[in-house]
Amino acid sequence: MKIVVCVKQVPEISNVRINRETGTLIREGVASILNPFCEYALDLAVHLKKESPGTEVIAVSMGPPQTRSALMRCLELGADRAILASDRKFAGADTWATGKTLAAVIKAAVPDFNLILVGKQAIDGDTAQVGPEIAEFMGLPQVMYGVTAEFGKTRKRIRVRREVESGYEVVEMRLPGVVSASKGRLIRRLPSLKAIIDARSKPLKTLTAVDLDIDDSHLGLKGSLTQVVRIFPPQSRADGRKLEGLDPEGARKAILAFLQAQHYVEGGQPSC
Amino acid sequence: MLSVNKDICNSCGLCEKTCPFGAITVADACAVPNENCTLCGACVNVCPVGALSIARKRPSPEKMAEYAGVLVWGECEKLPGDRLAPKKVVYELLSQARCLADKLGETVTVIVLGDDRLVGVKTLGAHGADRVLRCRHPLLDRYTIDGFANVICSAIAGEKPSVFLLGATPNGRELAPRIAARMDLGLTADCTQLDIDDQRQMVQTRPAFGGNIMASIISPYTRPQMATVRPNVFPAAEFGSVSKAFRVDDMAVTLSKAAIRTKIVEEMPLCEASVNIEAAQVIVAAGRGCQNKENLGLIQALAKALGGVMAGSRAIVEMDWIPHTLQVGQSGTTVSPQLYIAVGISGAIQHVVGMSTAKTIVAINCDPEAPIFKVVDLGIVGDALQILPGLTQAIRDAAVKAAKP
């Protein structure tokens with residue numbers, strides 16, 4: 001079995017700052033990490049590999065050259081090899097162009113895959129769109145928000161337990177297909193020193209646009225179907241209050257009065 | 001256009017069975033498309049050998065101008081008594097769809113998918129819809145990504161709307177990109193603001209980087225312009241009178257079992273009614289400051305008194321006090337209820353990004369320096385365990401008093 005895990009490198013969200021004058025992101029000095037949901041997807045792949053010996057796990061990413069560090073992390077966490085698609089032509093891609101490119105990367109580098117795993121969403125864009133778009137571009141079925149998964153006995157199907165609004169459901173899908181990972185029950189492991197050293201000798205290949213069977217007009221900013229016209233900081237809560245030194249009775253009264261003024265609770269004095 | 005690779009086609013006939021427009025037939029041991037083809041793409045995914053492909057051209061400005069009308073996906077949920085009816089988010093979408101359509105001078109159509117159990121379709125007419133496109137088929141008895149994508153794509157191909165909106169619910173968020181990819185459409189996720197600019201384009205505004213910035217996005221090259229809209233951000237459309245022109249049209253649905261490639265083999269509903277935190281209007285969230293699992297009863301009671309649900313921080317999920325489906329924050333669920341009360345949650349950025357778009361935020365925490373206080377409308381420094389019982393009782397009393405005029 002060959003499992004492709006598509007991953008994204010994202011800025012560490014707690015460090016994101018906005019330039020108030022220009023309304024743009026300040027990227028300098030912001031650490032990059034492997035997107036947490038992509039790490040869950042990788043964990044799921046490693047789990048499936050354990051259940052099905054002989055399985056190969058291939059981490060794939062699209063991004064600037066520094067995305068290597070996210071792929072190195074994947075190799076440390078158990079991926080067998082990694083592929084980075086990196087080219088100036090890919091820059092500025094929206095989800096449609098990203099999905100197109102990643103589909104082309106998988107077709108070029110791992111044409112005989114059985115399963116594609118993705119994270120449910122990335123923590124920077126939060127769109128959750130690239131996974132289903134890859135599935136559609138490759139004509140594959142999809143199961144989203146998976147928490148655990150197992151291959152069928154003949155390995156022609158996969159059973160995925162997934163989160164739905166009313167709880168969980170188990171869905172069966174024939175392979176090849178696409179599964180997205182939510183936070184599962186799998187415990188996140190820190191890679192051992194040996195795993196870190198071993199990762200350095202695992203293959204990490206880089207592809208550029210010329211290696212892919214894709215029209216240049218579908219790549220990057222030029223290939224994107226959406227266009228960002230404005231970026232601005234969100235409205236801040238200007239009139240927030242913090243009350244200190246109240247006894248429980250005073251605190252209770254303050255909260256009740258506030259909830260009544262905001263009409264979440266009936267009664268009280270009308271607010272002005 | 002749709003092309004058939006004659007060398008690969010094994011003339012199995014699935015495409016013919018699946019096509020909603022009767023636009024492909026198998027003749028001379030090979031599938032042949034005809035002039036009825038709308039490029040909806042239903043046949044491409046169902047082909048077991050991958051013999052079909054669609055090459056789309058970007059439409060010219062003249063072609064784009066032919067697209068008109070605002071289409072809304074009327075996502076349904078199962079109601080007691082074995083009925084299917086549109087969810088609350090559909091009414092929220094309708095209020096926005098109405099505004100957009102009025103600015104464009106166009107009409108609002110809701111597409112509703114289900115089987116014979118569908119109800120509540122006419123109610124949509126009293127909430128701003130001009131028309132309902134009803135799609136009924138035994139295979140649409142429950143949501144499946146393949147079945148719903150096929151039917152909606154064929155509706156879009158036939159209707160040619162200028163705007164298509166879906167709720168950013170779990171189903172909406174997986175369905176929208178599938179449709180956008182199939183029909184090569186620009187799509188913006190999780191919008192919190194929609195408008196029409198002077199070029200008659202939809203301007204879609206959404207939070208990014210966990211709510212740290214807002215981005216306004218347009219889809220200048222493709223029609224319909226697609227967006228998913230975050231639930232609980234917009235008020236539901238007011239109940240009004242049904243317009244005289246309101247009508248319900250039934251769309252003929254062609255769907256084969258083979259087109260649906262996933263099968264639900266087991267359902268495990270959580271017994272707690274509080275599970276759906278994404279759609280909740282009022283959330284009371286517990287953090288480590290609640291000290292132990294038993295104290296969550298106080299949170300649950302307050303949530304119930306306010307007609308809301310309980311949720312929690314990552315810390316208490318990791319301690320196994322609550323399941324992960326109730327976790328608010330970066331590695332959990334992003335919520336934007338009307339009211340969010342954080343109890344004993346310090347407010348690490350990873351938590352705050354999951355709730356900062358709530359309309360009103362109240363926090364109770366012992367630590368006056370807790371970062372949660374930076375995002376609150378009302379912050380109380382104090383011991384929540386002492387405050388909550390009295391508060392819950394006071395809220396119940398207020399409700400009882402209000403009920404007795």
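Axes are lines fitted to C-alpha atoms, for helices over the stretch in contact, and angles run from 0 to 180 degrees between N-to-C directions. The model is predicted: local features need pLDDT of at least 70 and side-chain atom pairs count only at pLDDT 80 or more, while totals for chains, interfaces and linings use all residues. Residues are numbered from 1 along each chain as its sequence is written, and chains are lettered from A and ligands numbered from 1 in the order in which they are written.

**View 1. Helix α4 of chain A crosses helix α6 of chain B.** Helices (H or I, at least four residues) and strands (E, at least two) are DSSP runs, numbered from the N terminus. The axes of α4(A), residues 130-137, and α6(B), residues 170-183, come within 8 Å and cross at roughly 40°. α4(A) is therefore oblique to α6(B) (angles under 35 degrees count as roughly parallel, over 145 as roughly antiparallel, 65 to 115 as roughly perpendicular and the rest as oblique). Residues in contact, with C-beta atoms, placed from the backbone, within 7 Å, include A:Pro132 and A:Phe137 of α4(A) and B:Glu174 and B:Arg182 of α6(B).

**View 2. Strand β11 of chain A pairs with strand β17 of chain B.** Two strands pair if DSSP finds at least two bridges between them. Here β11(A), residues 167-174, and β17(B) run in the antiparallel sense over 7 bridges. One of the bridge partners in β17(B) is B:Thr262, which faces A:Met173 as its partner. Of the 8 residues of β17(B), residues 262-269, the number buried is 0, so the strand lies largely in the open. A residue is buried if 20 or more other C-beta atoms lie within 10 Å of its own, exposed if 12 or fewer, and partly exposed in between, with C-beta atoms placed from the backbone.

**View 3. An open sheet of 7 strands in chain B has parallel pairing.** The order is β11-β15-β10-β5-β8-β9-β16. The edge strands, β11 (187-191) and β16 (247-251), each pair on one side only. From one strand to the next, the twist averages 25°. Within the sheet, β5(B), residues 70-73, and β10(B), residues 163-167, pair in the parallel sense over 3 bridges. The bridge partner of B:Val72 in β10(B) is B:Leu165.

**View 4. Chain B contains 10 helices and 22 strands.** Buried residues make up 52% of its 405 residues. Its C-alpha atoms fill a box of roughly 80 × 45 × 40 Å, taken along the principal axes.

Key
Contact = placed C-beta atoms within 7 Å.
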